[in-house]
Amino acid sequence: MDAFSYFAISWLSPELLGLTALGTFLGIYVGAIPGLSVTMAVSILISFTFSWDVNYALCLMVGVFMGGVYGGSRTAILLNIPGAPSAIATALDGYPLAKKGLAGEAIGLSTIMSVVGGFVGIFVLSIAAPSISEFALTFQPRDYMMLGVLGIMLVGSLSGGSLAKGIFAGAFGLLIGTVGLDPMTAEERFTFGIVELWDGINPVAVMIGLFGISEALHQLHHMNKAVVKQKITRIIPKWMDVKKYLPLSLQSSFIGVIVGALPGTGGDIAALMAYDHAKRITKKPEVEFGKGAKEGLIAPEAANNAAVGGAYIPMLTLGIPGDAVTAVFIGALFIHGLNPGPLLMVEQPHMFWFTVGNLTLANIFVLIFGLTGIKLFSKIVECPKGILIPLIFLLSVVGAYAINNSVIDIWWMLAFGVFGYFMRQYGFPVGPVILGVILSSLTDENWRRAILSERGSLVDLFSNLLTSPLSVVLLFTIIFILFSQSPIWTRWIKPKLLRSKAN
């Protein structure tokens with residue numbers, strides 16, 4: 001009974017209810033603007049709310065978190081500009097749907113499945129927080145390294161048919177991610193003596209350039225093309241569609257929870273893994289992936305919202321942040337006199353159930369606000385290209401500058417925009433570049449930790465991979481994915497398997 005009363009605190013207080021609604025509404029539109037990250041918004045809120053009562057502060061910040069993760073899908077679908085890294089995979093099929101005039105249906109379906117993912121993440125948080133946290137603690141540096149390698153193996157899903165071009169793009173992204181000071185020794189890497197490169201190249205600037213500016217430059221070739229009118233007659237998806245895609249949504253949600261519970265990962269990696277999972281299990285999609293497949297829209301949206309609940313698991317039970325936003329939340333809890341970790345569950349269990357209730361409430365507001373304002377928002381796509389292209393440039397410049405209030409990020413964004421334009425012209429996918437940039441730090445840092453733990457011995461490192469069941473599973477998963485993207489599998493083995501299943 002006590003757990004339920006703590007759960008319902010934010011539901012029964014008009015002030016807490018209003019703050020959660022306000023936070024969710026603001027989060028959706030902060031998440032929709034490239035460069036205005038949820039992490040930045042929550043960080044700013046700490047400075048405004050440190051003198052508030054802890055319940056009031058957490059309600060506002062939780063709402064911004066839940067709304068911001070979902071909000072990145074809006075501009076990803078409408079403009080091919082992911083509002084956040086977790087929406088990169090959403091743009092791959094969401095934007096083609098919008099170009100076909102189905103922006104309203106795409107946003108409606110992504111909203112419903114995002115909320116489903118959010119509820120799955122919250123449910124797992126409420127019943128399995130301690131056990132999943134213990135599982136996350138079993139990950140050694142070598143396992144995180146292989147998790148990063150596993151993510152890099154997903155270039156086959158984002159390469160648009162040419163694995164070689166996808167590998168090149170992913171490797172280039174890894175190279176970009178290593179620019180700056182070495183995380184272990186503080187030695188300069190690929191900085192060429194330029195002080196401004198010591199902090200590296202911001203992944204958000206790369207993302208905005210490759211997706212936003214390159215898309216605007218690409219659209220210059222189609223200035224006279226007729227504008228596609230958006231069909232906004234039905235926003236709420238048909239029950240048959242929801243029923244059809246619900247199993248995929250649930251599978252993707254559990255991927256999101258597990259990945260989100262691993263410290264240092266987050267919704268962006270969860271979304272990419274869910275997208276790859278959708279491609280593998282969908283045998284006969286109505287539309288090819290990358291050209292408007294609804295499965296490619298649903299899987300990443302369910303996963304990145306489920307990762308929110310997953311990220312809270314290590315934060316509340318172990319005091320370890322699941323992603324950048326929960327790292328900021330830990331700071332907020334300390335400021336308000338709380339000590340996140342095992343003692344929080346023992347000394348102040350009401351905070352756990354209050355958080356679960358508040359996340360549930362915020363997820364409901366995501367559904368309400370996510371299904372409203374779509375007709376007005378969708379008019380962006382119907383703008384004449386003479387207005388839309390300058391608008392994309394303006395949003396991209398503002399978004400790049402807002403990252404660090406630095407003009408340098410604008411120059412990087414423009415440079416990668418031009419580079420992304422030429423990549424598109426020559427058939428190179430831009431998705432793997434972003435994937436490589438995002439995963440470079442996870443792979444690099446944990447490779448260094450793993451090799452240091454073995455005193456520099458590669459033999460000991462690889463022999464120990466076979467002593468841990470978790471490491472063995474990850475290793476064989478990597479080998480299988482690599483083999484499944486080879487010509488031997490695609491030309492010989494896969495067709496035979498499909499024919500045997502048909503018979």
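Me: Helices (H or I, at least four residues) and strands (E, at least two) are DSSP runs, numbered from the N terminus. In which loop is the place of Asp-182?

Reply: This is a predicted model, in which local features need pLDDT of at least 70, side-chain atom pairs count only at pLDDT 80 or more, and totals for chains, interfaces and linings use all residues. Residues are numbered from 1 along each chain as its sequence is written, and side-chain values use heavy atoms, with hydrogens and water left out. Asp-182 lies in the loop between strand S1 (180-181) and S2.

Me: Is Asp-182 buried or exposed?

Reply: Buried means under 20% relative accessible area, exposed over 50%, and partly exposed in between (1.4 Å probe, protein chains only). Because its relative accessibility is 8%, Asp-182 counts as buried.

Me: Which side chain does a polar contact of 2.6 Å join to that of Asp-182?

Reply: A polar contact is a pair of N or O atoms within 3.5 Å; within protein, one must be able to donate a hydrogen and the other to accept it, and residues adjacent in sequence count only if both atoms are side-chain atoms. At 2.6 Å, the partner of the Asp-182 side chain is that of Arg-448.

Me: Is Phe-192 buried or exposed?

Reply: Phe-192 is found in the loop between strand S2 (188-189) and helix H11 (203-219). Its relative accessibility is 71%, so Phe-192 counts as exposed.

Me: Is Ser-13 buried or exposed?

Reply: Ser-13 sits in the loop between helix H2 (9-12) and helix H3 (14-32). Because its relative accessible area is 16%, Ser-13 is buried.
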